Amino acid sequence: MNKVVPYIISALIMGILAWYYFIFRGFAVSVSFVNSVVAFSAVFIIGLSFAFGPLARFIHFFRPWLVYRKDFGLIGFALAALHIVLVVPMMLLEETREFNFGDVASLAVAAVAFMIFLLMALTSTAKWVEKLGYDNWKNLQRMGYIAIVLVLFHVVLLEKGVFLTRIIGQIAIGFVLAVLLLRAIALAFGMPPHEDIKV
């Protein structure tokens, strides 16, 4: 299959989010809203990388898409890293912002999630499979499910749960829950080893 497909789909996701924020909602282009586009794009794209395994377990159409899991994972990780690059200066320069317990907890779980995704990205090569051994490497990659749960908490806790009342936040939360449900169903039915998630 064509290796540009993950990049086209990722660009499409970013384009849809940019359209929603800057055209449909009419927000002025700013670092804050660009950051929102980047952050939610990361959530959806990383979510796709986790969804293909369980989907391929039940729907034959998705089996060829398994080869794209790593690509989607790395694209999503790059966007998550860009999100951090954008958000840290914003937080440091925002003098009026008061951080509550939910904000601190949200940032803490996001930091742990990012470190897990970083480990997954750094070890996503055949060299690391050989060095760690397949079973150890596979278990490390599966930690991504812990990370995506932490991302869910990050979105829910941020700014007193503001994204629970916003359509993009609700869609992102629903999407992550759907990915986790797919994984749970696949495990319940017994997912074959070749369909394990790899980032």
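Two residues are in contact when heavy atoms of theirs lie within 4.5 Å. The legends below use this term for a predicted model.

**Figure 1. Overall fold of the predicted model.** The protein contains 8 helices and 0 strands. Read from the N terminus, its elements follow the order α-α-α-α-α-α-α-α. Along the principal axes, the C-alpha atoms occupy a box of roughly 50 × 30 × 30 Å. The radius of gyration is 17 Å, which agrees with the value near 16 Å that a compact globule of 199 residues would have. Of the contacts with a separation of 6 or more, 75% join residues 24 or more positions apart.

**Figure 2. The largest nonpolar core.** This core comprises 52 residues. Leu17, Phe40, Phe50, Phe52 and Phe117 have the most contacts inside it. At least two core residues come from each of helix 1 (5-24), helix 2 (31-58), helix 3 (69-93), helix 4 (101-122), helix 7 (144-157) and helix 8 (167-189). Helix 2 gives the most, with 14 residues. In soluble globular proteins, nonpolar side chains tend to be buried together.

**Figure 3. The surroundings of phenylalanine 52.** Phenylalanine 52 is among the residues with the most contacts inside the largest nonpolar core. When neighbours within four places in sequence are left aside, phenylalanine 52 is in contact with Phe62, Trp65, Leu66, Arg69 and Phe72.

Figure 4. Histidine 154 is located in helix 7. Its relative accessibility is 15%, and histidine 154 therefore counts as buried, since the cut-off for this class is under 20%. Residues up to four places away in sequence are not counted here; beyond them, histidine 154 touches His83, Ser106, Leu107, Val109 and Ala110.

**Figure 5. Alanine 110, a contact of histidine 154.** Alanine 110 belongs to helix 4. With a relative accessibility of 22%, alanine 110 counts as partly exposed. Phenylalanine 50 is 60 residues away from alanine 110 in sequence, and the two C-alpha atoms are 18 Å apart in space.

**Figure 6. Surface and charged side chains.** The protein has an accessible surface of about 10600 Å². Carbon and sulfur atoms account for 74% of this surface. There are 15 positive and 10 negative side chains. The centres of these two sets lie 10 Å apart.

Terms used:
Residues numbered from 1 in each chain as written. Predicted model: local features only at pLDDT ≥ 70, side-chain atom pairs only at ≥ 80, totals over all residues. Heavy atoms only, no water. Core = buried A, V, L, I, M, F, W, Y, C linked by side-chain atoms within 4.5 Å. Buried < 20%, exposed > 50% of the residue type's maximum accessible area, 1.4 Å probe, protein only. Helix = DSSP H or I, 4+ residues; strand = E, 2+ residues; numbered from the N terminus. Rg over C-alpha atoms; globule rule 2.2 N^0.38 Å. Areas by Shrake-Rupley, 256 points an atom, 1.4 Å probe, with all protein chains shown as cover. Lys, Arg positive; Asp, Glu negative; His and termini not counted. Charge placed at Lys NZ, Arg CZ, Asp CG, Glu CD.
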